[in-house]
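Please look over the sequence and the 3D structure shown below. The report that follows goes through contacts, cores, helices and confidence in turn.

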Amino acid sequence: MEAPSEAQLPRRTGGWITFPFITACSVGLTLAFGGWTSNLIVYLIKEFDVESIDAAQISNLVNGAGSLIPVVAAIIADSFLGCFSTIWISSIISLLGTILLALTATVDSLRPKPCEVGSTSCTPKPKVQYVVLYAAIVLATLGSGGTRSTLSTIGADQLADKPKDQGIFFNWFFFFWYSASVVSSTAIVYIEDNVSWKAGFFICAASNIVALLIFLMGSRFYTKFKPEGSPFTSLARVVIASITKRQVPLPSTAQDFFQGCNVAPKSLVLVPSNTFRFLNRAAIISEGDVKADGSTSNRWRLCSVQQVEDFKALIKILPLWSSSFFLGTTIGVQLSFSVLQALAMDRHVGPHFQIPAGSVLVFVLISTALFLALFDKFVLPTWKNLTGKSLTPLQRIGIGHVLNFVSMGVSALVESKRLNVAKSNEGSNIVAMSVLWLVPQLALNGIAEAFHYPGQVSLYYQEFPITLKNMATAMISVLVGISFYLATALIDVVRKTSKWLPGNINDGRLDNVYWILVVGGVVNFGYYVTCAWYYKYQNLNEVDHNETPSDE
């Protein structure tokens, strides 16, 4: 018998050969998105005459959507399109938005004519200009959000048979993501400020095009899994089924509960726990629920005991998850106002170089990256030497909470000093105070993120059932997205109830806003400690044997 020729053999897909294509695509799309979002506040103020606080609000909305959209994209990819199709379609949408944004900086009729303050000859601003602007922002944000979670997922899928290699993949994937974020926040923003907005935005568009082309070039190497359904759908079924059977009495024997379609006859029979007993009704077998082959006739009417218990595990961790809403809100307020502060400060470093206002946030990225690099080598060993115990995820998150409200306190003190300097040289919008005064608060913010962000991912991944492990990152994305919208709402409340946030922050009391965040942060930390104290680990075998839940 002749051996099959090389052409007849099935082509092997997946593996590390896909890494350059997927990572290069991520880098290009990150450069594209970060290149315009990092400087969006400045662009809105200088080119579209948007008030400073309104520009900060728009930036918060964009950042919030940028975190929520990946969750929706993940559901679409898991349930309908698959990661590959979701990525290339989202990349095209992102490209359309970025090109449209570049056109607003290129075509004079697409942006308002310059108008001096107090001038009586200013022409009315056509609404169509703002329609085009916001359409560009929406498209670019939608497209970028559609690729953010799916790129890392398709990358991990290529190494599905090598779990250890998946960990290595994620380390390098996020290393390149952070590196691209730093470049977009510095180099591209510098071009926008010192060359032209047109050049900067078209560089973003070019990065998007290159990213899409490279991703498609690797198509023949990818392992493409068919959509199998989202874990969110499974959770929704539990809720619907329990509501549908709300009148059904709870049985007393385990045989009345559905164990699942693929459960062996001699396997251990699971009994639903007594917590949140209402949900147990979702697993009750009623007449007509099960077919002759043991499968369910309607998956929205009957769930397995394991699915019900998985949902309960998610509910138990929700109080801890909710404690991070205020944590993310303070970050959203600080990041947006730091750009406004930078615009009103001396940004010169040396006689010839001026730091772009949108680039000040790079100090957060740098401090996070540096501290993460030191974490395993220095922080963890030092903690263990001092306490004799390993640092648990709950403790790590708690330290992040403390550093966060300390960062807000530093922000309040720096802003108070900045306002005092502004009063001493009235008449100038630029305060004679170096922008480097903002570095300590931003660095503290970055170090806090190095504690609480990985801590939360670790906690959720450790505590979630196997079927919901992939939701760990999604939980963070939802958290960050909602937090940015809460930051927007908080700023709106402050503007309507006080005079602390006028159009010119030199005439306001931004320091008072920061002090409110400090007080809120302390109260929220108390809430977190309470939740952590009463929380019982679901997977004790994954926690250091020296630890107990009460250690928190």
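Setting aside neighbours within four places in sequence, Phe 337 touches Ile 53, Ile 491, Leu 501, Leu 510 and Tyr 514.

**Cores**

Phe 337 also belongs to the largest nonpolar core, which has 57 residues. Phe 337 is among the residues with the most contacts inside this core, along with Trp 36, Tyr 43, Leu 133, Phe 201, Leu 340 and Leu 501. Helix 10 (residues 324–343) contributes eight residues, the most of any element, to this core. Another core lies apart from it and has 33 residues, including Leu 314, Leu 394, Leu 479 and Tyr 535.

**The chain as a whole**

The protein chain contains 15 helices and four strands. Of its 552 residues, 49% are buried. Among contacts with a separation of 6 or more, 80% are between residues 24 or more positions apart.

Helix 1 covers residues 19–37, which makes 19 residues. From the first C-alpha to the last, helix 1 reaches 26 Å, close to the 27 Å expected at 1.5 Å a residue. Helix 1 is mostly covered, with 16 of its 19 residues buried.

Which residues of helix 2 are buried? They are Leu 40, Ile 41, Val 42, Tyr 43, Leu 44 and Phe 48. The elements that cover these buried residues include helix 1, helix 3, helix 4 (83–106), helix 5, helix 7 and helix 10.

Just after helix 2, Asp 49 takes a positive phi of about 55 degrees, although Asp 49 is not a glycine. Asp 49 is in the loop between helix 2 and helix 3 (52–81). A second residue with a positive phi is Phe 276, which is not a glycine either. Phe 276 is in the loop between helix 8 (231–244) and helix 9 (305–322). The table sets out the two residues.

| Residue | Phi | Relative accessible area |
|---|---|---|
| Asp 49 | about 55 degrees | 36%, partly exposed |
| Phe 276 | about 50 degrees | 40%, partly exposed |

**Aromatic rings**

How many aromatic pairs does the structure hold? There are 17 aromatic pairs. One of them joins Phe 48 and Tyr 130 in an edge-to-face arrangement, with 5.7 Å from centre to centre and 70 degrees between the planes. Phe 48 is in helix 2 (residues 40–48) and Tyr 130 is in helix 5 (residues 127–157), so this pair ties together parts of the chain that are 82 residues apart in sequence. Phe 48 and Tyr 130 are both buried. Ring pairs also link Phe 48 and Tyr 130 into a cluster with Tyr 43, Tyr 134, Trp 197 and Phe 201.

In two places a charged side chain lies over the face of a ring. Lys 224 lies over Phe 84, at 4.2 Å from the ring centre. Arg 237 lies over Trp 300, at 5.5 Å from the ring centre.

Leaving aside neighbours within four places in sequence, Leu 142 is in contact with Ile 69 and Ile 93. The C-alpha atoms of Leu 142 and Ala 65 are 7.8 Å from each other, while the two residues are 77 residues apart along the chain.

**Confidence**

The protein chain has an average pLDDT of 83, and 88% of the residues score at least 70. Over residues 1–10 the pLDDT is below 50, and this stretch has one contact in the model beyond near neighbours in sequence. Over residues 541–552 the pLDDT also stays under 50, but here the model has 27 contacts beyond four places in sequence. Where pLDDT is low, the predicted coordinates should not be read in detail.

Among the elements of the chain, helix 7 (residues 197–217) has the highest mean pLDDT, 94. The lowest mean, 81, is that of helix 6 (residues 163–194).

Terms used. Residues numbered from 1 in each chain as written. Heavy atoms only, no water. pLDDT = per-residue confidence, 0-100. Helix = DSSP H or I, 4+ residues; strand = E, 2+ residues; numbered from the N terminus. Contact = heavy atoms within 4.5 Å. Phe/Tyr/Trp six-rings, centres within 6.5 Å; stacked < 30°, edge-to-face > 60°. Buried < 20%, exposed > 50% of the residue type's maximum accessible area, 1.4 Å probe, protein only. Lys NZ or Arg CZ within 6 Å of the ring centre and 35° of its normal. Core = buried A, V, L, I, M, F, W, Y, C linked by side-chain atoms within 4.5 Å. Expected span 1.5 Å × (residues − 1).
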